[in-house]
Every structure is written in C-alpha cells, then in structure tokens.
Amino acid sequence: MSNKKNWPLWEVFVRSKNGLEHRHCGSLHAADEEMALENARDVYTRRSEGVSIWVVESKHITASNPEHNGELFEPAQDKVYRHPTFYDLPDEVKHM
Amino acid sequence: MNNNLYKYILGIADNSLILGQRLGELTGHEPSLETDIACTNISLDLFGQVRSYFQYAAKIAGDQRTEDDIAMLRKEREYVNVLLVEQPNRNFAYTMARQFLFDVYHLLFLQELQKSKDLTLAAIANKSIKEVSYHLRFSTDWIKRLGDGTEESKAKMQDAIDSLWTYTDELFHQTEADKVMVQEGIGVDVTVLKKAYYEKVNAVLEEATLEIPESKWFQKGGKQGIHTEHLGYLLAELQYMQRAYPNMEW
C-alpha cells in the first residue's frame with residue numbers, strides 16, 4: 001500500500017475546553033483534511049466536548065532554521081530595554 | 001420481573017455487543033493506524049453502550065445475575081442481535097459496509113428511543129446518540145471513499161453492499177416483546193423507520209457512485225435467536241474464559 005505517497009503528514013493543534021490557545025500536540029498521517037480531523041479527535045482529544053482542533057498539512061509550515069538562532073533570537077536577550085518589564089501590571093489584566 | 005422489557009433491552013444491546021466484538025477482532029489488522037484507532041474506538045463505544053443496557057437489564061431481572069452473566073453465559077439461541085452485525089470481517093469494504101448499514105439504523109433508532117417513557121433507556125439513548133453520529137460519519141465517509149475511489153475499491157464496496165443487503169430488512173422486524181413495548185410507549189416502532197432508512201442509505205450509495213441492490217429477498221431470524229453459522233464461533237471465542245472458569249472475579 002502506498003500510504004507514504006498518498007497519506008501526507010499533518011500537524012495537529014488542539015485547544016482544550018478551558019484552554020486559551022491552540023497548542024501543537026503531535027502529528028499524524030491522513031489522506032485528506034477530514035480524515036486528519038477525525039483521527040486527531042480520536043488520538044489527541046478522546047472526543048472530549050468543547051475542544052477545538054486545527055490540522056495543517058506539514059508542508060504548509062515554514063520553520064525557522066536553528067542555524068540562524070543567533071541572529072534571530074539572541075540580540076534581544078541582553079537588551080533589557082527591549083522587554084516591557086518596567087511597569088506594574090494591574091491585577092485585572094490576566095493571562096499576560 | 002418485566003420480561004418484555006428485559007427481552008427488549010437485550011434486543012437492542014446484543015446488536016452493539018456482537019458488532020463491537022467483530023470490530024475488536026480487527027485491532028491491529030486495519031489498513032492504516034488511523035482506521036485501526038477509529039474502529040477500536042467505535043468498538044469501545046459500542047461496548048460502553050452494552051454495559052449500560054446490561055446493567056439495567058440485570059437490575060430488572062432482579063436476581064443475582066450481572067451484566068457479565070448476560071453477556072457471557074447465554075447460548076447462541078438466546079442472543080437476539082440482527083444477522084447483519086454478526087457477519088464476519090471479510091475485507092475493509094465489507095467491514096465498512098456492515099458498519100454503515102447498521103449505523104444509519106442505529107442513529108434513527110436512538111433518536112426515537114430518546115423519547116421513551118422509560119427514563120433509563122432514554123438516558124442511554126441520549127448518551128449513545130453522540131457516539132453513533134460519529135460512527136455514521138466515519139462509515140459514510142468510507143463508503144464514499146471506496147465507492148468513488150479506484151475501480152478495485154469500487155468493485156469491493158459494491159460486492160460488500162450487495163452481499164449485506166439481504167440483512168437490512170430484518171432491522172425493521174418486530175418481536176412480540178417489541179410490540180408490547182411500543183404499545184407501552186417504551187419501545188421504538190421500528191417499522192416506521194424503514195422509509196427514512198432506505199432514503200438515507202440510497203442517497204449515500206448514489207453519492208458513492210454505487211448501485212442500489214434490487215434484490216427483494218431478505219434474510220431474517222436473528223431476533224428470534226436463529227442465527228447464521230457465524231455466531232456460534234464468535235461466542236465460543238467471546239465466552240471461553242467465563243465458560244472455563246465460571247464465577248471468578250476479574
């Protein structure tokens with residue numbers, strides 16, 4: 001069976017019932033997006049109610065290159081003035 | 001003990017038990033990991049439903065019997081599942097066709113059972129309906145995928161539908177217990193579901209570019225305990241441990 005050719009890889013993102021954002025929770029092979037959704041529901045959510053699932057075919061994701069970590073991420077670390085930490089956050093503001 | 005109610009519950013639950021067992025046999029043998037998980041999932045749903053029904057039946061029986069006794073210590077002639085669900089897993093198309101032909105019925109049935117005057121049955125139906133909607137979605141998708149897939153998958157799906165068609169009419173037969181339960185407002189009058197059933201099934205078959213079988217000859221007997229030769233073997237495997245070591249805690 002030519003699964004590998006016809007069943008591309010999908011990345012699965014799930015937002016749980018009380019969750020705030022979708023989190024990447026794994027990947028799976030499926031023939032199309034509907035099947036990917038069904039499988040993701042079985043494998044990653046046990047069909048809990050009130051969850052949201054995103055599936056994205058892996059080829060559509062562009063990832064940053066670890067070799068470029070230096071220029072991408074490091075410049076910010078030693079420049080405290082770049083971080084918004086110099087004021088107090090009111091208690092009413094949650095989830096920051 | 002309300003004998004009719006007891007029999008009526010077995011009439012519903014045995015379908016799920018036997019079909020669940022058939023799907024369980026496929027664990028690890030499906031065409032892909034994903035279908036493997038899905039079929040095992042459906043099997044688990046069905047067993048969950050069976051437990052609810054049998055626990056209720058055991059309570060109605062009022063003697064010492066348990067849900068396990070009801071599942072494991074009846075003989076072939078005492079099982080009242082429809083013939084459709086005991087048919088073996090010949091190939092994936094066959095498994096999906098059997099699933100689809102049962103799921104369409106199952107959903108229609110549970111939608112009516114939700115209105116039962118018996119609150120326990122109504123509650124079980126209410127819980128199961130969500131599961132069965134999912135089963136139907138899954139099996140319907142596969143009817144279309146295989147029917148409207150390649151030449152070979154289409155031929156296999158057509159063959160599966162043709163072979164299983166003869167077991168569909170039995171879904172709408174009533175036993176004496178069924179009739180009494182319908183009169184009391186507890187049971188579902190399955191005869192009125194028939195039209196909606198074939199409309200739904202035919203619509204999916206058409207969309208899957210499959211032929212609707214023309215055969216008007218149908219097989220029956222499961223509801224009276226007269227089964228195909230497949231059930232005996234299935235029960236031998238299912239019941240072995242209980243028969244070999246009865247009355248054990250597990």
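**View 1. A nonpolar surface patch on chain B of the predicted model.** In this predicted model, Tyr240(B), Met241(B), Tyr245(B) and Met248(B) form a nonpolar patch on the surface, and together these residues present about 510 Å² of accessible area. One of them, Tyr245(B), is placed in the segment that follows α10 (230–244) of chain B. The relative accessible area of Tyr245(B) is 48%, so this residue counts as partly exposed.

View 2. His22(A) lies in the loop between β1 (9–15) and β2 (23–29) of chain A, and with a relative accessibility of 18% it counts as buried, because the limit for a buried residue is under 20%. When residues up to four places away in sequence are not counted, His22(A) touches Phe13(A), Val14(A), Arg15(A), Ser52(A), Ile53(A) and Trp54(A). The side chain of His22(A) makes a polar contact with the side chain of Ser52(A) at 2.6 Å, and a polar contact with the side chain of Trp54(A) at 3.3 Å. His22(A) and Ser52(A) are 30 residues apart in sequence, while their C-alpha atoms are 7.7 Å apart in space.

**View 3. Gln99(B) within helix α5.** Gln99(B) belongs to helix α5 (residues 92–113) of chain B and is buried, its relative accessible area being 1%. Apart from its neighbours within four places in sequence, Gln99(B) is in contact with Leu19(B), Leu23(B), Ile42(B), His135(B) and Ser139(B).

**View 4. Aromatic pairs between a loop and helix α9 of chain B.** Over all chains, a search of the whole structure finds nine aromatic pairs. Among them, Trp165(B) and Tyr198(B) form a tilted pair, with 5.6 Å from centre to centre and 55° between the planes. This pair links distant parts of the chain, since Trp165(B) sits in the loop between α7 (151–164) and α8 (176–183) of chain B and Tyr198(B) sits in helix α9 (residues 194–207) of chain B, 33 residues apart. Both Trp165(B) and Tyr198(B) are buried. Phe172(B) and Tyr197(B) form an edge-to-face pair, with 5.0 Å from centre to centre and 65° between the planes. This pair likewise links distant parts of the chain, with Phe172(B) in the loop between α7 and α8 and Tyr197(B) in helix α9, 25 residues apart. Phe172(B) is buried at a relative accessible area of 5%, and Tyr197(B) is buried at 0%.

View 5. The structure holds 16 salt bridges over all chains. In one of them, the side chains of Arg23(A) and Glu21(A) meet at 3.5 Å, N to O; Arg23(A) counts as exposed, at 58% relative accessibility, whereas Glu21(A) is partly exposed, with a relative accessible area of 41%. In another, Lys59(A) is bridged to Glu57(A), the closest N and O atoms being 3.7 Å apart; here Lys59(A) is exposed at 64% relative accessibility, whereas Glu57(A) is buried, with a relative accessible area of 18%. In chain B, Arg22(B) forms a salt bridge with Glu25(B), whose closest N and O atoms are 2.9 Å apart. Arg22(B) is buried, with a relative accessible area of 6%, and Glu25(B) counts as partly exposed at 30%. Salt bridges that share partners also join Glu34(A), Glu38(A) and Arg137(B) into one network.

Definitions and conventions
Residues are numbered from 1 along each chain as its sequence is written. Chains are lettered from A and ligands numbered from 1 in the order in which they are written. This is a predicted model: local features need pLDDT of at least 70, side-chain atom pairs count only at pLDDT 80 or more; totals for chains, interfaces and linings use all residues. Side-chain values use heavy atoms; hydrogens and water are left out. Patches are made of residues with over 30% relative accessible area and no salt bridge: like charges are joined within 9 Å, nonpolar side chains (Val, Leu, Ile, Met, Phe, Trp, Tyr) within 5 Å. Accessible areas come from the Shrake-Rupley method with a 1.4 Å probe; for residues, only the protein chains shown count as cover. A salt bridge is a side-chain nitrogen of Lys or Arg within 4 Å of a carboxyl oxygen of Asp or Glu. Helices (H or I, at least four residues) and strands (E, at least two) are DSSP runs, numbered from the N terminus. Buried means under 20% relative accessible area, exposed over 50%, partly exposed in between (1.4 Å probe, protein chains only). Contact means heavy atoms within 4.5 Å. A polar contact is a pair of N or O atoms within 3.5 Å; within protein, one must be able to donate a hydrogen and the other to accept it, and residues adjacent in sequence count only if both atoms are side-chain atoms. Rings of Phe, Tyr and Trp (its six-membered ring) pair if their centres lie within 6.5 Å; planes under 30 degrees apart count as stacked, over 60 as edge-to-face and the rest as tilted.
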